[in-house]
Amino acid sequence: MSVPGIASAGSALSQPTPVRGGRRRGGAWRWPVLVVLGLYFVVPIAASFWFTIRRPGGGVTARAYTGIPGAQGFADAFTRSLLLALLTVVLTLALMVPTVVLVELRLRRLRTTVELLTLLPLVLPPIALVVGVRSVLAWAPDYFLNTPIATVMFALQEPGLPWILVLVYGVLALPFVYRALDAGVRGVDLRTLTEAARGLGASWPRVLVTVVLPVLRTSVLNAAFLTVALVLGEFTVANILGFTTFPTWIVQIAGADPQLSVSVSILSLAVTWVLLLLISALDRRRPAEEDS
């Protein structure tokens, strides 16, 4: 004997849930959009690559790529930019990792204030920032001659390693570094981990090195990648301050050898993609290691 209410409930549960046709039709647009976006990026790069290998009289040549290592000024400019990128990464991480941890653990009421302060480099145009920096550096011979302040200002402008660029790039990278680190902190229970480490007798520097940095490994790598990409692609500040870096060298060489300039730009873009893929691969390995 069957109960009508139970029978009707069972038949209702057994009926398949209807699928909205709108979602299926919406999914059909996915591939055309991806194709259009892919062409938007691939076509200019392919055209640039063809320009670098095309011989004026006909045929192809790899001279624009084989001549990069021996190009005049390339080694110095590229090495200088890599060193500036490394120093900027160290500076920004040394400043922002303790700041993010302190805000998360002790000063949560100041989170909004810190976010607004780190957004200021995005509000202030780089051209205005660098003009102000140049004006301050010009005070050295006028107001501080034969003083320690003038010595410091002159040392910051050393052409071989312009520390002033490290400071300016550190300011420009603050928004990206803070966002990357803050996203990582919000995704872990940092308070419990740090309290456990402190309870076992670890000092705060050891907690930062052995607990915080491994937990925020992906966020730190993302912040470092964004900083390196910013330094290797920044032109305005270095050009106005009169320093030769990798981007300014590319512009300088473009007048004498356009093919070489474009080929170096393509290789720098490829290096950036490789770094991004490496960070993505490390991010995929982390869940697998944690599950094992």
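Me: Where does tryptophan 29 lie?

Reply: In this predicted model, tryptophan 29 is found in the loop between helix 2 (21-27) and helix 3 (30-53).

Me: What makes tryptophan 29 count as exposed?

Reply: Exposed requires over 50% relative accessible area. Tryptophan 29 has 62% relative accessibility, and therefore counts as exposed.

Me: Which residues make the nonpolar surface patch of about 980 Å²?

Reply: The patch is made by Trp29, Trp31, Val33, Leu34, Leu37, Tyr40, Phe41 and Val42.

Me: How many aromatic pairs does the structure hold?

Reply: The structure holds 6 aromatic pairs. One of them joins tyrosine 40 and phenylalanine 41, whose ring centres are 5.3 Å apart.

Me: Why is the pair of tyrosine 40 and phenylalanine 41 called edge-to-face?

Reply: Centres within 6.5 Å make a pair, and planes over 60 degrees apart make it edge-to-face. Here the centres are 5.3 Å apart and the planes stand at 85 degrees, so the pair is edge-to-face. Tyrosine 40 is exposed, at a relative accessible area of 60%, and phenylalanine 41 is exposed as well, at 53%.

Me: How do you know that phenylalanine 78 and phenylalanine 246 form an edge-to-face pair?

Reply: Their ring centres lie 5.1 Å apart with the planes at 70 degrees, so this pair too is edge-to-face.

Me: Why does the pair of phenylalanine 78 and phenylalanine 246 tie together parts that are apart in sequence?

Reply: Phenylalanine 78 belongs to helix 5 (residues 74-105) and phenylalanine 246 to helix 15 (residues 246-256), so the pair links parts 168 residues apart in sequence. Both rings also belong to one aromatic cluster, formed by Phe74, Phe78, Phe246 and Trp249.

Me: Is phenylalanine 246 buried or exposed, and what is phenylalanine 78 called?

Reply: Buried means under 20% relative accessible area. Phenylalanine 246 has 3%, so it is buried. Phenylalanine 78, at 28%, falls between the limits of 20% and 50% and is therefore partly exposed.

Me: Why is glutamine 259 called buried?

Reply: Its relative accessible area is 13%, under the 20% limit, so glutamine 259 is buried. This residue is placed in helix 16 (residues 258-291). Leaving aside neighbours within four places in sequence, glutamine 259 is in contact with Phe51, Thr52, Arg54, Arg63 and Ala64.

Me: How many helices and strands are there in the protein?

Reply: There are 16 helices and 0 strands. Of the 292 residues, 31% count as buried.

Definitions and conventions:
Residues are numbered from 1 along each chain as its sequence is written. This is a predicted model: local features need pLDDT of at least 70, side-chain atom pairs count only at pLDDT 80 or more; totals for chains, interfaces and linings use all residues. Side-chain values use heavy atoms; hydrogens and water are left out. Rings of Phe, Tyr and Trp (its six-membered ring) pair if their centres lie within 6.5 Å; planes under 30 degrees apart count as stacked, over 60 as edge-to-face and the rest as tilted. Buried means under 20% relative accessible area, exposed over 50%, partly exposed in between (1.4 Å probe, protein chains only). Helices (H or I, at least four residues) and strands (E, at least two) are DSSP runs, numbered from the N terminus. Patches are made of residues with over 30% relative accessible area and no salt bridge: like charges are joined within 9 Å, nonpolar side chains (Val, Leu, Ile, Met, Phe, Trp, Tyr) within 5 Å. Accessible areas come from the Shrake-Rupley method with a 1.4 Å probe; for residues, only the protein chains shown count as cover. A salt bridge is a side-chain nitrogen of Lys or Arg within 4 Å of a carboxyl oxygen of Asp or Glu. Contact means heavy atoms within 4.5 Å.
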